[in-house]
Amino acid sequence: MSSGSKIEYQKKELPSKVQSVGLLLTVLGLVIVLAGYFVSPARMAFNNIIGLTFIISIAVGALFFVAIEYLSGAVWSTPFRRVSEIISSFVVLVPLIVIPLLFNLHSVFHWTHPEVVNADKVLSEKAPYLNINFFVIRIAAFIAIWMLFQYLITRNSLRQDSTKDQTLTTKNVKLSAVFIPFFALTISFTGIDWLMSLEPHWFSTIFGIYYFSGTVLAALATITYVAVTLNENGYLVKGLTTDHYYSMGALLFAFINFWAYIAFSQFLLVWYANLPEETFWFLQRWEGSWIIWTVGLMVVHFLVPYFGLLSQPSKMNPAKLKFFALWILAAHYYDLYFLVMPNYSRSGVALSWYELGFPILLVGLMILLFVSKSKKQNLVPVGDPKLKRGIDFRL
Amino acid sequence: MKEKILYGYTGIFNTPDEIAHAAEKAVAKGFTKFDVHTPYPLHGMNKAMSLKPSKLGYVALVLGLSALMGAVFSLWWVSAVDYPIVVGGKPFFAFPAFVPVMFEVTVLTASVGTVLAMLFVFFKLPNNSHPLHGTEYMRNVSADKYGLLVQAEDTKFDEATIKSFFQELHASEIDAVYWDNEEINHEHKILTPKFLGFLLVAGLITSGATYFALNKLTYMLPFTWMMEQQKQNPQQKSLIFSDGFGMRKPVEGTIARGFLPYEYKGQPDLAAEKLFNPLPVSKNVLALGQKKYDTYCSPCHDFQGTGLSRLRGQFPNPPSLHSEKVRTWNDGRIYAVIMDGQNVMPSYANLLDSDERWAVIHYIRALQRSLNAKESDIK
């Protein structure tokens, strides 16, 4: 059915309004974050962890998506792969977000206090892994690994725009193959370090996959929202159809189910075994007003997007798809809040202006970064040999 | 031979683009009963033929949701209503444990049901033969050509316009396809009296043979040889002993070890008067008593004898063993309770032997003393 379409791509500048919105949000978020750190450093540090894991989810998840495209030889996602690459470049924000936390480790992780660790048999047994030095080395190494692969893969892809050299694709396939195992390990250990070790007595062997499922969802949702919006306004290559939208929606739908599957598996085993050292983590989230948040998680993170994206037309309708992409992105933030905040506020859900700081700041920073990158590069990998087939992709 | 009945007209095209174009033209002409045959699935054909989205998704949705509700209902009925069993201390309606079953039932019903609906409702199978079978047209579109068929049922169908329609599109091999006479004259003869009678006879024979094999055959020679052995079966009249009992009683005036006869059944006051504890208090006796107490008594009476049952109130809590009444009972009175039971408590005569019962009584005394220590105990 190929009708011999040509690649029609005209590079356009994003409207300056976008940049001003990004700037406004960044300033507003920065003010809230600074004020929060001034008024209640402990509370802000917990929010900082949510923000950190959120931006890691988006940036590293997007890089994972790029790597998967290279490895599987997928063509349908090639026309908007540059969008994924730019989103993966948000990984430069990770060190910025992690630095204030490194000064506040004592207020969030109680395994950082030697007197607590020495008095506790379990914590002293875990001390060879959970100690500040090794912890900082780990996150530094993870950031280095992510930035290295992000730099190498996008550099090759960008070079291809001008050289149209097909061997660059082969190089990226090899890089992606090396990156995937690193990705699996770094994302699992990021989840364990920054989310599970908030409650160092608790353990769940599936936790790394749980965070991974959220990571992929957040990245896919961001990519979907940005790609659909850009395409609707004509910033991407001509010829993208509802078939492309459908594929993105189907992936989102699949990972919504994957997340629910993993989340339920984690709960079911703990519930069945009924061991006090495992159940207390869920019981904390079932007490006071946290029960509302926990039940809300099932609705917000599974039921609503599940039925929202169930039918074929809903995945092809750009307005619906954009809505649910944003919804899922917010749901991931909600999920991280569910993982982190019960450790700050045992008695009940704590919601105030503090909680707004990091989402606003991160969205602002992401917009600014996207605008500045989009000025320098094409928004479509025009030199990629798969681009033509990607545009002609039909279900 | 009867007159042939027209099924439709077919035309052959050489490229995918031509067939897509032809399909668009057929839609533009207003044909509704037409179909396209290609050697492999063509992307975008749905759009060219202006096909509406399949209704199969709704079948899957309805089947899935009803299976989900059916699973919840049957699990609830079986586990919480009809036959409730405590498993691992979980509630009878243990929703998390039901979720995997609900998931499996939903997926299985929806997927199998959707495939069956597709085959037998949407595709209208079984269909023994089809006018297109064995035609040159079918041979072509199964190999390397692309074909368009317009059925005679179509309201816009007219032989002359169809022919010119195909010619305009430069189709090759424009052919008329006729119904197979055999297919038209074929009657569905499955529900004839003869066949129904055959089904009835076959069913009778099968069920009768099954009944015979299971209920009669196994009680006939030689299949009963294993059953009829030269041995004494329980409850069977003995042919050897004159009193007819298969089992022998102990010789008169003797008792078996550990089976002291209990003569005060139903007479606790008499037992209290006549019985005394034959065991001396020693470390070993108390250890035995504690072991048996913790095993048999503590589930209801609690480890300390307070009567705060740990069976989560599934039985009424027994009274405390530290009451004035129990403390002033002598050992024989408590022995009578162990032997006979009291109120809800059943007899423990079969679970503890004589020495163990007395050891438990010693241990109960130790418990009572521990909670009601006298001045003289502190030394």
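Visitor: How are α10(B) and α13(B) oriented to each other, roughly parallel or roughly perpendicular?
Guide: Roughly perpendicular. That label covers 65 to 115 degrees; under 35 is roughly parallel, over 145 roughly antiparallel, and the rest oblique. Helices (H or I, at least four residues) and strands (E, at least two) are DSSP runs, numbered from the N terminus.

Visitor: Before more numbers, what are the ground rules?
Guide: This is a predicted model, where local features need pLDDT of at least 70, side-chain atom pairs count only at pLDDT 80 or more, and totals for chains, interfaces and linings use all residues. Residues are numbered from 1 along each chain as its sequence is written, chains are lettered from A and ligands numbered from 1 in the order written, and side-chain values use heavy atoms, without hydrogens and water.

Visitor: Back to the helices. What is the angle between α10(B) and α13(B), and how far apart are their axes?
Guide: Helix α10 (residues 283–301) and helix α13 (residues 354–371) of chain B pack at about 90°, axes 7 Å apart. Axes are lines fitted to C-alpha atoms, for helices over the stretch in contact; angles run from 0 to 180 degrees between N-to-C directions.

Visitor: Which residues make that contact?
Guide: Contact means heavy atoms within 4.5 Å. From α10(B), they include B:L286, B:Y293 and B:C297. From α13(B), B:V360, B:Y363 and B:L367 are among them.

Visitor: Is B:C297 buried or exposed?
Guide: Buried, at 15% relative accessible area. B:C300 is partly exposed, at 27%. Buried is under 20%, exposed over 50%, partly exposed in between (1.4 Å probe, protein chains only).

Visitor: New topic: the sheet. What is the strand order in chain B?
Guide: β2-β3-β1-β4, in an open sheet of four strands with antiparallel pairing. Two strands pair if DSSP finds at least two bridges between them.

Visitor: Why is one side of β2 and of β4 left without a neighbour?
Guide: β2 (34–37) and β4 (172–178) of chain B are at the edges, so each has a single partner strand. The twist averages 20° from one strand to the next.

Visitor: How many bridges join β2(B) and β3(B)?
Guide: Four, in the antiparallel sense.
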